[in-house]
Amino acid sequence: MAWRFFNFLSNNKTLWNPNCNPLLSTASFSTSFLITKTPKKLKTKRKPKHTPRTNPVQTEPNRIPELERILERDALFRFVTRSKQFLSAQPEHVLRLDDAGKLHRELGFPRGRKVSRFLQSHPLLFQTYRHSDGKMWLGFTDLMEDLLLEEQSLMDSMELNRVDKVRKLLMMSSRNRIPLNKIHHCRTLFGIPDDFRYRVSKYPNFFRVVVEDDKTRVLELVNWDPLLAVSALEKEFMVDEDSAKKKFRFPVKYGKDLDLDSDGARKLNFLNTLPLVSPYSDGSKLDLWSLEAEKYRVGVIHEFLSLTLEKRASIHHLVEFKEEFSLTKHTYHMLMKQPRAFYLAGTEMNWAVFLKDAYDCNGVLVEKDPQVLFNEKLYKYALMKEMEPVSDFGMEEQHLT
């Protein structure tokens, strides 16, 4: 047996040679020709998981593409709107380009992207230049500076209108008070100027600022105005009663023993729908899960949207005033039950609600606030690479209308 093992070692020089490194030796066979990974073209593509972040609110038959595209427009111009707000608050309206690359949230561009890429998309509004310190800086163009002056003049002319909007918000809120930082956070929704927190001192008959123990500044209503405490729904009811009746549905659960036909069920639902609860009543005193409380919350959201510039708001805006308007976590499902009045667009996690009657069949606002017209003008400049020639018969803004 021993001589057989000796002959095996003699024939196999790799094992017998004591100077040979076994790590550098060649094996008697190779497995390099075997496929250890599946090629990409042969891999089965997994369908993306359905999550609230990606699931659309509306199913295909119920989608209104014209309203969905408004949210796409907001995403397209997010950099323009946020950069305008942020740079306007900076000294001399300038910012170092190195610092701008770190402020993706404030300037409205995706994290990990280069800010210069977005600046190049809007050459009529933003520009970069090299300062005497050798650093690159970001600022507005002369055209953008002129637009800011135009917007400031517009804000001044609409100040009384915005004051009434804030008064109505306070009259709807519980205890007629809202923290100033919440109003400031949603200021663009209502066309409220950035310095509104300082302008309120001009109206002591309407507002009072109270500092809480935690240093929070709260805006309180001084005088109740019954002329302002009339909702848009009440005004519509006086003009077109039938339309107001059909706008909302609060179905009644009834037994089969009533044996109601479709007309009888419709009349019973009308009795249950009307009267609506005024959004200017104190909703905090209502039973949270009662029918009256749901009518109140529906009316509050309808009035809230009526006060906005574009008759729409996102979930983030509604959550901001959740405590003041006595809203619940079931607001999404509550609005989905009222498809005649509201349209929910976007995804289940990031949705927006529209007042359907405020838009025509092409997704265009029926009545446009002057601030909305200015924003549309700004967006058109944002899409242009260079100024268009002005005709002899037209004004400079002719192509923007």
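Where does D99 lie?

Reply: D99 lies in helix α5, which spans residues 97–100. A word on terms: helices (H or I, at least four residues) and strands (E, at least two) are DSSP runs, numbered from the N terminus. Next, the ground rules. This is a predicted model, in which local features need pLDDT of at least 70, side-chain atom pairs count only at pLDDT 80 or more, and totals for chains, interfaces and linings use all residues. Residues are numbered from 1 along each chain as its sequence is written, and side-chain values use heavy atoms, with hydrogens and water left out.

Back to D99. D99 counts as partly exposed because its relative accessibility is 29%. The cut-offs are these: buried means under 20% relative accessible area, exposed means over 50%, and partly exposed is in between (1.4 Å probe, protein chains only). Now follow the chain from D99 to L138. The two are 39 residues apart in sequence, but their C-alpha atoms are 9.6 Å apart in space.

E92 sits in the loop between α4 (78–88) and β1 (94–96). E92 is not a glycine, yet its phi is positive, at about 60 degrees. With 69% relative accessibility, E92 is exposed. S326 has a relative accessible area of 18%, so S326 is buried.

Now step back to the whole protein. The protein has 19 helices and 9 strands. It has 401 residues, and 39% of them are buried. Contact means heavy atoms within 4.5 Å. Take the contacts between residues at least 6 apart in sequence: 62% of these join residues at least 24 apart.

Next, the helices. Two packed helices are described by the angle between their axes and the distance between the axes. Axes are lines fitted to C-alpha atoms, for helices over the stretch in contact, and angles run from 0 to 180 degrees between N-to-C directions. Start with α8 (residues 142–157) and α19 (residues 370–383). Their axes come within 11 Å and cross at roughly 175 degrees. α8 and α19 are therefore roughly antiparallel. In these terms, angles under 35 degrees count as roughly parallel, over 145 as roughly antiparallel, 65 to 115 as roughly perpendicular, and the rest as oblique. On the α8 side, the contact residues include L143, L147 and L154. On the α19 side, they include P370, F374 and Y381. By class, the contact of α8 with α19 has 9 nonpolar, 1 polar and 3 charged residues. Ala, Val, Leu, Ile, Met, Phe, Trp, Tyr, Cys and Pro count as nonpolar, Asp, Glu, Lys and Arg as charged, and the others, Gly among them, as polar.

A second pair is α9 (residues 159–172) and α16 (residues 291–307). Their axes come within 11 Å and cross at roughly 170 degrees. So α9 and α16 are roughly antiparallel to each other. K165, K168, L169 and M172 of α9 meet Y296, V300, E303, F304 and L307 of α16. The contact of α9 with α16 has 6 nonpolar, no polar and 3 charged residues.

Last stop: the rings. The structure holds 17 aromatic pairs. Rings of Phe, Tyr and Trp (its six-membered ring) pair if their centres lie within 6.5 Å; planes under 30 degrees apart count as stacked, over 60 as edge-to-face and the rest as tilted. F196 is buried at 6% relative accessibility, and F207 is buried at 5%. F207 also pairs with F206: the centres are 6.2 Å apart and the planes are at 80 degrees, so this pair is edge-to-face. F206 is partly exposed, at 25% relative accessibility. R167 lies over the face of F206, 3.9 Å from the ring centre. The test for this is NZ of Lys or CZ of Arg within 6 Å of the ring centre and within 35 degrees of the ring normal. Elsewhere, F79, F109, F118, F126 and F140 form one aromatic cluster.
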